[in-house]
There are 2 protein chains.
Amino acid sequence: MREVFHEQLSRVGRDLSTMADLAAAALRGATVALLDGELNRADEVIRGNEAMGLLQADVEAHAMDLLACQAPVAGDLRMLVAGLRMSADLERMGGLTVHLAQISARRHPEQAIPADLSSTIAQMAAAAAELADGASHIIKGQDLETARTLGLRDDEIDRLHEDLLTALLTSAPGREARAAIDVTLAGRYYERFADHAVSIAHRLEFAVTGVDSSV
Amino acid sequence: MREVFHEQLSRVGRDLSTMADLAAAALRGATVALLDGELNRADEVIRGNEAMGLLQADVEAHAMDLLACQAPVAGDLRMLVAGLRMSADLERMGGLTVHLAQISARRHPEQAIPADLSSTIAQMAAAAAELADGASHIIKGQDLETARTLGLRDDEIDRLHEDLLTALLTSAPGREARAAIDVTLAGRYYERFADHAVSIAHRLEFAVTGVDSSV
């Protein structure tokens, strides 16, 4: 019975780490679309997000089945509930990559991000995508050491986000309101994407140790 | 055994509807702070949000206990998992009210929202607070009819949000970037607050009927 349970739980874990890989790839694609104005990359991200919804539904169905049929307790129960929450985080990360792609699609053929702000956006994007890589890695290996380092990358993203808004505020007058809106939203989406990756790390830590380090 | 279970489940429901009431009140407070520049209201919202975290922890602890000790199935299991998710939605709604309060606190004594945009913000806020009232009502009464109407209010908020961004784009040149950032973020926060309230309605519907209407 427990072997079946752990085999099914591994399947949930594999789906979750696939979702994290897809989220990282989508974030990188959306960033190319945003910074280089590549409309086809934006379309790819928007269409590709359907796979995230299917995987999330798969994770939820499996987790609910396991809860109902195996009545897990203690660490197994925590791991399943954490899996349900991680699937919600990952689905949201996918949604945020769609929002980023939509910004670039809406402005095409113009560039949404002004040239002087693109390097800060590129740095936020690189750090956020690495957080999603990290989330995939820690889900695969239940690697608590790496989980605990993800918060540091997130601090870096928060600093870059502040830099971005400061640059927007101190920029030459005459910057279009459109650019201010796009940059503000893009910055917020990268920040939230990173927050969800860090929250996955906290959820894993809680599932493994029973201690919630996020509060 | 089932009586104890349902008594405990009712307690989770009461906590959740209290959280929805707090979220609605905090959103109204944050809006007064934002539109009238009342710093003490902003402080109230920021300090008051601690109660949301405590209630969420209470809901989670109870739900995990019930899952572990009572091994619920079918509708009872769905209701508990839905409760866990609702608590996450509600905690996030509280977080968004804090973000709104922080916008006004950061700009004090200046007004964050330009006078010509304040009526659209006020309308978004009123509709979003009513959605939180609705979420509290449907959690209390498991009222599916009302749950199904919440999506309509959300459509209204989406339209107001578009109006807001259009007004920002077409406004007189010379609008400060600071105002564009504040209005863009505030609009996004109200929109997300409303999305979470609607998601609570979907979760309740799923818990009661077993059918997920959100996909």
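Author: Contact here means heavy atoms within 4.5 Å, and please keep in mind throughout that this is a predicted model.

Reader: Good. Which residues of H3(A) meet H4(A)?

Author: From H3(A) the residues are Met52(A), Gln56(A), Val59(A), Glu60(A), Ala63(A), Leu66(A) and Leu67(A), and they meet Leu77(A), Leu80(A), Gly83(A), Leu84(A), Ser87(A), Ala88(A), Leu90(A), Glu91(A) and Gly94(A) in H4(A). Sorted by class, the residues of this contact are ten nonpolar, four polar and two charged.

Reader: And at what angle do H3 and H4 of chain A pack?

Author: Helix H3, residues 50–70 of chain A, and helix H4, residues 74–107 of chain A, pack at an angle of about 165°, and their axes are 10 Å apart. Angles over 145 degrees count as roughly antiparallel, and H3(A) and H4(A) are therefore roughly antiparallel to each other. As for handedness, H3(A) passes H4(A) in a left-handed crossing.

Reader: What about H4(A) and H7(A), how far apart are their axes?

Author: The axes of H4(A) and helix H7, which covers residues 177–209 of chain A, are 9 Å apart, and the packing angle is about 165°. That makes H4(A) roughly antiparallel to H7(A). The contact of H4(A) with H7(A) has 19 nonpolar, six polar and nine charged residues, and H4(A) passes H7(A) in a left-handed crossing.

Reader: Switching to the backbone for a moment: is the peptide bond from His108(A) to Pro109(A) cis or trans?

Author: The bond from His108(A) to Pro109(A) is cis, with omega near 5°, and Pro109(A) sits in the loop between H4 and helix H5 (118–141) of chain A. In chain B, the peptide bond from His108(B) to Pro109(B) is cis, with omega near 5°, and Pro109(B) is found in the loop between helix H4 (74–107) and helix H5 (118–141) of that chain.

Reader: Over in chain B, then, at what angle do H5(B) and H6(B) pack?

Author: H5(B) and helix H6, residues 144–170 of chain B, pack at an angle of about 165° with their axes 9 Å apart. That makes H5(B) roughly antiparallel to H6(B), and the crossing of the two is left-handed. The residues of their contact divide into twelve nonpolar, six polar and five charged. Among those that meet are Met124(B), Leu131(B) and Ile138(B) in H5(B), and Leu150(B), Ile157(B) and Leu164(B) in H6(B).

Reader: How many residues does the contact take from chain A and from chain B?

Author: The contact takes 27 residues from chain A and 26 residues from chain B. Of the interface residues of chain A, 96% are also interface residues in chain B, so the copies meet through the same surface.

Reader: And how much area do chain A and chain B bury between them?

Author: Between them they bury about 2,400 Å², of which 71% is on carbon and sulfur atoms. On the chain A side, the residues that lose the most area to chain B are Leu169(A), Ile181(A) and Arg188(A), together 23% of what that side buries.

Conventions. Residues numbered from 1 in each chain as written. Chains lettered and ligands numbered in written order. Predicted model: local features only at pLDDT ≥ 70, side-chain atom pairs only at ≥ 80, totals over all residues. Heavy atoms only, no water. Axes fitted to C-alpha atoms, helices over the stretch in contact; angles between N-to-C directions. Helix = DSSP H or I, 4+ residues; strand = E, 2+ residues; numbered from the N terminus. Parallel < 35°, antiparallel > 145°, perpendicular 65-115°, else oblique. Left-handed = near helix turned anticlockwise from the far one by under 90°. Nonpolar A, V, L, I, M, F, W, Y, C, P; charged D, E, K, R; others polar. Buried area = accessible area lost by both parts, 1.4 Å probe.
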